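Subject: Handing over a structure

Hello,

Here is the structure for you to take over. Please have a look, then read on for what was found in it.

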Amino acid sequence: MMDALQALKLLEEGHLSRSGLTREKSREERAEAQALWESIQEALLHEREQQLAYLLYNCGLTAAEIMHIFPQEFGDMREISRVRLAVIKLVGKTLA
């Protein structure tokens with residue numbers, strides 16, 4: 001579990017990327033991303049949903065990766081899919 005959390009922290013900080021290529025985000029991009037994330041957090045009522053959204057979108061993990069890394073916390077593919085769909089709807093409303 002600690003190795004997984006360390007890897008997530010490195011992903012978050014930009015030290016790792018899936019493609020091996022990293023790009024520094026502009027101040028404007030970071031501000032937009034932060035505002036969107038705050039909107040998502042406000043709309044997702046439960047901390048568990050917020051955690052899943054964070055793993056899916058901020059860390060870029062797939063549902064299978066989340067289930068593998070955090071089997072006790074997130075072992076239900078339906079729950080992960082439900083949260084993913086909720087976030088997609090929220091983002092669609094925000095961008096519309």
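A salt bridge here is a side-chain nitrogen of Lys or Arg within 4 Å of a carboxyl oxygen of Asp or Glu. R78 forms one with D76, and their closest N and O atoms are 3.4 Å apart. More on the others below.

Some ground rules. This is a predicted model, in which local features need pLDDT of at least 70 and side-chain atom pairs count only at pLDDT 80 or more, while totals for chains, interfaces and linings use all residues. Residues are numbered from 1 along each chain as its sequence is written, and side-chain values use heavy atoms, with hydrogens and water left out.

The overall fold

The chain has 5 helices and 0 strands. Helices (H or I, at least four residues) and strands (E, at least two) are DSSP runs, numbered from the N terminus. The order from the N terminus is α-α-α-α-α.

The chain has 96 residues, and 21% of them are buried. Buried means under 20% relative accessible area, exposed over 50%, and partly exposed in between (1.4 Å probe, protein chains only). The accessible surface of the chain is about 7000 Å², and carbon and sulfur atoms hold 56% of it. That area comes from the Shrake-Rupley method with a 1.4 Å probe; for residues, only the protein chains shown count as cover.

Now contacts, meaning heavy atoms within 4.5 Å. Of those with a separation of 6 or more, 52% join residues 24 or more positions apart.

The core

The largest nonpolar core has 16 residues. Such a core is a set of buried Ala, Val, Leu, Ile, Met, Phe, Trp, Tyr and Cys residues joined through side-chain atoms within 4.5 Å. A53, L55, I66, F74 and I80 have the most contacts inside this core. At least two of its residues come from each of α2 (27–43), α3 (47–58), α4 (63–69) and α5 (77–95). Helix α3 gives the largest share, 4 residues.

Look at I66. Leaving out residues up to four places away in sequence, I66 touches L52, L55, L56, L61, P71, F74 and I80.

The aromatic pair

There is 1 aromatic pair in the structure. Rings of Phe, Tyr and Trp (its six-membered ring) pair if their centres lie within 6.5 Å; planes under 30 degrees apart count as stacked, over 60 as edge-to-face and the rest as tilted. The rings of F70 and F74 have centres 6.5 Å apart and planes at 85°, so this pair is edge-to-face. F70 and F74 are both buried.

The salt bridges

How many salt bridges does the structure hold? It holds 3.

E79 pairs with R48, with the closest N and O atoms 2.6 Å apart. This bridge links distant parts of the chain: E79 is in helix α5 and R48 in helix α3, 31 residues apart. E79 is buried at 14% relative accessible area, whereas R48 is partly exposed at 34%.

R82 pairs with E49, and their closest N and O atoms are 2.9 Å apart. R82 lies in helix α5 and E49 in helix α3, so the pair ties together parts 33 residues apart in sequence. R82 is partly exposed at 43%. E49 is buried at 12%.

Back to R78 and D76. R78 is exposed, at 68% relative accessibility. D76 is partly exposed, at 29%.

One last spot

A33 lies in helix α2. A33 is partly exposed, with a relative accessible area of 36%. A33 and N58 are 25 residues apart in sequence, and their C-alpha atoms are 9.5 Å apart in space.

Best wishes
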